[in-house]
Amino acid sequence: MLTRPPGHAKSQAMPLDAFTNVFAGNPLDRASYQRSQADWVAQRIADPDSLALVLWNGKPMVETKAGGGSQIAYVRASMAEEMSDGGERLLFLGLWKETAVFALDMEGQTDPADGPLQGMGRFEDLRAVALDLTGADAAMAATAKAMFEWRRRHRHCANCGQPSSPMDGGWKRFCPACKTEHFPRTDPVVIMLLHRGDRCLLGRQAVWPKGMYSALAGFLEPGESIEEACAREVFEEAGLRTARVRYHSTQPWPYPSSLMIGLMAEVEDGEATADKTELEEVRWFTREEARELIGATLPGARAPGSMAIAYQLIKAWAEAES
Ligand SMILES: [Zn+2]
């Protein structure tokens, strides 16, 4: 009888560090009980050891590391607080050991690196710089970006329309007029690699760069389970029925507030047809072709960059034993 080593039993629960996508792996202790105490947060802001990372229109302030690569460029938390419109644009990100880490949201046309933050760092697009940062830095910047995207879109109460105020270090907004609390949103997206036998199916949107293929994806709707959303999207976009779904990993994606839920979807036999609304083409790839896609050696076709969970799904399937 074929036996598997205990660590590879199919029923084994997934360890927390089994797979960490870019933007996951934020190392901070969010200290969610302490951050609800305004006095505690004020003490952390006043502490000269407390730090703040700065985002300008969603771009983190970074600096070049000795020896290459980039890292987050921090300012003192008290300085960030002074620039935060009375705390409106300040977020308590969490604790790194004993050190409190905040984030400051800067907006507007003028680059703060040419103004109040001159000489302290430079602002870089998060996606462009993410792979140049450590995973921890990229995840902290992504957390701050997602929170600030939410803040900017939710400055008024969704219940009565009056201005709301930040609470809990920025993790909640409160409407003084109707006493409603508002919490940051996360929008789940299912993204799935379709496979049957020794082939996987990828799609491409007309607006994508020439030759790029990726995993099918779509927003999960209210009242759907993850596996139901997967099956619906697969049928809508490719005309195929899903037989089995397996979870791979997830990725926080702060554009503006998604959680990409990565799945492997085994589909039933059938003819794959692009819906022509979201996808202009769907195409089967053999496992060998999928390996070439990942290695960027397949003529005329390419995969998304390694930062994307779609790349990781294709890679996991391509490298699995057939
Ligand atoms: Zn209200």
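**Working through the model**

Student: Where does P256 sit?

Tutor: P256 is in the loop between β14 and β15. Helices (H or I, at least four residues) and strands (E, at least two) are DSSP runs, numbered from the N terminus.

Student: And the peptide bond from Y255 to P256, cis or trans?

Tutor: That bond is cis, with omega near -5°. Most residues other than glycine have a negative phi, and most peptide bonds are trans.

Student: Before we go on, what sort of model is this?

Tutor: A predicted one: local features need pLDDT of at least 70, side-chain atom pairs count only at pLDDT 80 or more, and totals for chains, interfaces and linings use all residues. Numbering runs from 1 along each chain as its sequence is written, and side-chain values use heavy atoms, leaving out hydrogens and water.

Student: OK, overview. How many helices and strands are there?

Tutor: Seven helices and 16 strands. The C-alpha atoms fill a box of roughly 60 × 50 × 45 Å along the principal axes. The protein has 322 residues, and 45% count as buried. Buried means under 20% relative accessible area, exposed over 50%, partly exposed in between (1.4 Å probe, protein chains only).

Student: What else is in the loop between α6 and α7?

Tutor: G305 is there. G305 counts as partly exposed, at 47% relative accessibility. Its C-alpha is 9.0 Å from that of I294, eleven residues away in sequence.

Student: Now the helices themselves. At what angle do α6 and α7 pack?

Tutor: About 135°, with the axes 9 Å apart, for α6 (287-294) and α7 (309-319). Axes are lines fitted to C-alpha atoms, for helices over the stretch in contact, and angles run from 0 to 180 degrees between N-to-C directions. So α6 is oblique to α7. Under 35 degrees counts as roughly parallel, over 145 as roughly antiparallel, 65 to 115 as roughly perpendicular, and the rest as oblique.

Student: Which residues make that contact?

Tutor: R287, A290, R291 and I294 from α6, against Y311, I314, K315, W317 and A318 from α7. By class, that is six nonpolar, no polar and three charged residues. Ala, Val, Leu, Ile, Met, Phe, Trp, Tyr, Cys and Pro count as nonpolar, Asp, Glu, Lys and Arg as charged, and the others, Gly among them, as polar.

Student: Why call α7 largely enclosed?

Tutor: Because eight of its eleven residues are buried. They are I309, A310, Y311, Q312, L313, I314, W317 and A318.

Student: What covers the buried residues of α7?

Tutor: The cover includes β11, β12, β14 (242-253), β15 (258-267), β16 (281-286) and α6.

Student: Let's take β11. What does H195 touch?

Tutor: H195 lies in β11 (187-196). Beyond neighbours within four places in sequence, H195 is in contact with C200, M264, A265, E266, V267 and W317. H195 counts as buried at 16% relative accessibility.

Student: And β12, where is R204?

Tutor: R204 is in β12 (199-204). R204 is buried, at 6% relative accessibility. A polar atom of its side chain is 3.0 Å from the backbone oxygen of P209. Setting aside neighbours within four places, R204 is in contact with P209, K210, G211, M212, Y213, L279, E280 and E281.

Student: Last one. Where is G121?

Tutor: In the loop between β6 (99-106) and β7 (122-123). G121 is partly exposed, at 23% relative accessibility.

Student: How far is G121 from E63 in space?

Tutor: 5.1 Å, C-alpha to C-alpha, though they are 58 residues apart in sequence. Leaving aside neighbours within four places, G121 is in contact with M61, V62, A73 and A113.

Conventions. Polar contact = N/O pair within 3.5 Å; in protein donor to acceptor, adjacent residues only side chain to side chain. Contact = heavy atoms within 4.5 Å.
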